[in-house]
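User: I would like to go through the labels attached to this structure and hear what each one rests on.

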Amino acid sequence: ALRYVTQYWQLKLVVALVVFNTVLTMFSPSIIGSIIDIVRSVATETEFVPTQGMGVILYGILTPVANWFSGTLGWQIDTAILGVFAFALIFVAAMTSLFSYIQRYLSAFVYQGAEYSIRNDLYNSLLEQSFSFYDQQRTGQLMSRATTDIGQLSRFYRMSFSMIISTLLTAILVLYNVFSISTPLTALYLVIVPLTMVSAYIYSKKIRPLWALTRSQFGDITSVLQENLMGLRVVRGFAMESYEEQKLSDVCETYFNTRVTTAKIRGLYGPMGTFLTAIGTVLIIWYGGIQIINNAMTVGSLVAFYFYVQRLGRPIRMI
């Protein structure tokens with residue numbers, strides 16, 4: 001079924017944009033941390049030390065630019081470095097916004113095209129089925145497959161390419177940066193990762209069958225509506241209005257109860273993830289603060305570390 005999306009050459013460009021955009025966004029925490037340390041080094045008249053990880057790469061790229069501005073415009077080197085880093089943060093934000101727009105536009109073209117092709121193939125397949133097939137299948141269920149389920153399949157395509165690539169690459173880059181900044185602090189934070197993954201796994205095990213049941217029950221509602229509208233004359237002729245109303249009410253009530261159960265589970269596990277993230281934040285502030293007091297870490301490095309681990313939570317849940 002992947003042929004529905006792999007037939008588009010735009011998919012390769014979407015993948016390339018996802019990779020490039022993910023890498024580009026990984027520079028932002030290092031830039032913010034470096035700006036904080038630059039200001040601190042100027043205020044305390046101490047040597048500026050770039051944030052480890054991608055911050056070192058960033059420092060190696062931007063320092064020659066700052067030296068050029070300093071020599072050309074006569075700025076002090078500290079002022080030039082601060083200005084270049086601040087502009088770099090704006091540049092990264094602008095580029096990521098631009099590339100995100102192009103990526104979403106091309107993604108919509110690819111995945112909507114795939115949805116269009118699947119829907120046409122499904123319709124052609126239904127036209128070729130035997131009469132016995134329709135004797136065994138309810139029309140409402142087939143309509144649900146042709147509408148709601150195809151939309152879900154399009155969503156799967158979108159997640160299977162863009163989200164998986166972005167999630168895995170983000171996890172790798174974040175782990176590289178946080179380990180480069182502070183291995184002990186990273187090890188302390190990773191204590192909550194198994195708890196987060198177990199929570200996400202239990203949630204997915206509970207929610208997956210409920211979503212499948214919801215789609216099936218939605219098909220039942222569509223079937224009852226379709227059968228009643230098609231046989232409206234028969235229903236009125238035999239004075240079956242009350243029976244059919246109760247029949248639809250029972251199906252809708254079953255669907256309602258399933259959706260409420262789904263919402264209850266989502267309401268339980270959503271705050272649990274937030275709570276685990278809060279525990280991780282407390283651990284970072286506590287141990288990172290001790291590291292700063294002992295001059296083992298700079299304030300900018302701790303800020304960069306915090307922003308990096310904030311980006312790690314979603315990839316962990318997605319994986």
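This is a predicted model: local features need pLDDT of at least 70, side-chain atom pairs count only at pLDDT 80 or more; totals for chains, interfaces and linings use all residues.

User: Why are H3 and H4 called roughly perpendicular?

Analyst: The two helices H3 and H4 pack at an angle of about 70°, with their axes 9 Å apart. The range for the label is 65 to 115 degrees, so H3 and H4 are roughly perpendicular to each other.

User: Which residues of H3 and H4 meet?

Analyst: From H3 come Phe27, Ser30 and Ile31, and from H4 come Met54, Gly55 and Leu58. Sorted by class, the contact of H3 with H4 has 4 nonpolar, 2 polar and no charged residues. Gly counts as polar in this scheme.

User: What makes H2 and H3 roughly parallel?

Analyst: Helix H2 covers residues 10–25 and helix H3 covers residues 27–44. Their packing angle is about 20°, and the axes are 5 Å apart. Since the limit for the label is under 35 degrees, H2 and H3 are therefore roughly parallel to each other. The contact is formed by Val23, Leu24 and Thr25 of H2 with Phe27, Ser28 and Pro29 of H3. Its residues divide into 4 nonpolar, 2 polar and no charged.

User: How do you know whether Ser28 is buried or exposed?

Analyst: Ser28, found in helix H3, has a relative accessible area of 13%. Buried means under 20%, so Ser28 is buried. Not counting residues up to four places away in sequence, Ser28 touches Leu89, Val92 and Arg311.

User: What does Ile31 contact, leaving aside its neighbours within four places in sequence?

Analyst: Ile31 is in contact with Leu58, Phe85, Ala88, Leu89 and Val92. Ile31 is also among the residues with the most contacts inside the largest nonpolar core, together with Phe85, Ile284, Phe305 and Tyr308.

User: What makes a set of residues a nonpolar core, and how many residues has the largest one?

Analyst: The members must be buried residues of the nonpolar types listed for a core, joined through side-chain atoms within 4.5 Å. The largest such core has 49 residues. Elements giving two or more residues to this core include helix H1 (3–6), helix H4 (54–73), helix H7 (139–181) and helix H12 (299–310). Helix H5 (77–127) is also one of them, and H5 gives the most, with 12 residues.

User: What makes Ala263 partly exposed?

Analyst: Ala263 has a relative accessible area of 45%. Buried is under 20% and exposed is over 50%, with partly exposed in between, so Ala263 is partly exposed. The residue lies in helix H11, residues 241–293. Ala263 and Ile207 are separated by 56 residues in sequence and by 9.5 Å in space, C-alpha to C-alpha.

User: Why does Asn295 count as exposed?

Analyst: The relative accessibility of Asn295 is 66% and exposed means over 50%, so Asn295 counts as exposed. Asn295 sits in the loop between H11 and H12. Phi of Asn295 is near 60°, a positive value in a residue other than glycine.

User: How many helices and strands does the protein chain have, and what percentage of its residues is buried?

Analyst: The protein chain has 13 helices and 0 strands. Of its 319 residues, 38% are buried. The accessible surface comes to about 18700 Å², and 66% of that belongs to carbon and sulfur atoms. Among contacts between residues at least 6 apart in sequence, 83% join residues at least 24 apart.

Notes:
Residues are numbered from 1 along each chain as its sequence is written. Side-chain values use heavy atoms; hydrogens and water are left out. Axes are lines fitted to C-alpha atoms, for helices over the stretch in contact, and angles run from 0 to 180 degrees between N-to-C directions. Helices (H or I, at least four residues) and strands (E, at least two) are DSSP runs, numbered from the N terminus. Angles under 35 degrees count as roughly parallel, over 145 as roughly antiparallel, 65 to 115 as roughly perpendicular and the rest as oblique. Contact means heavy atoms within 4.5 Å. Buried means under 20% relative accessible area, exposed over 50%, partly exposed in between (1.4 Å probe, protein chains only). Accessible areas come from the Shrake-Rupley method with a 1.4 Å probe; for residues, only the protein chains shown count as cover.
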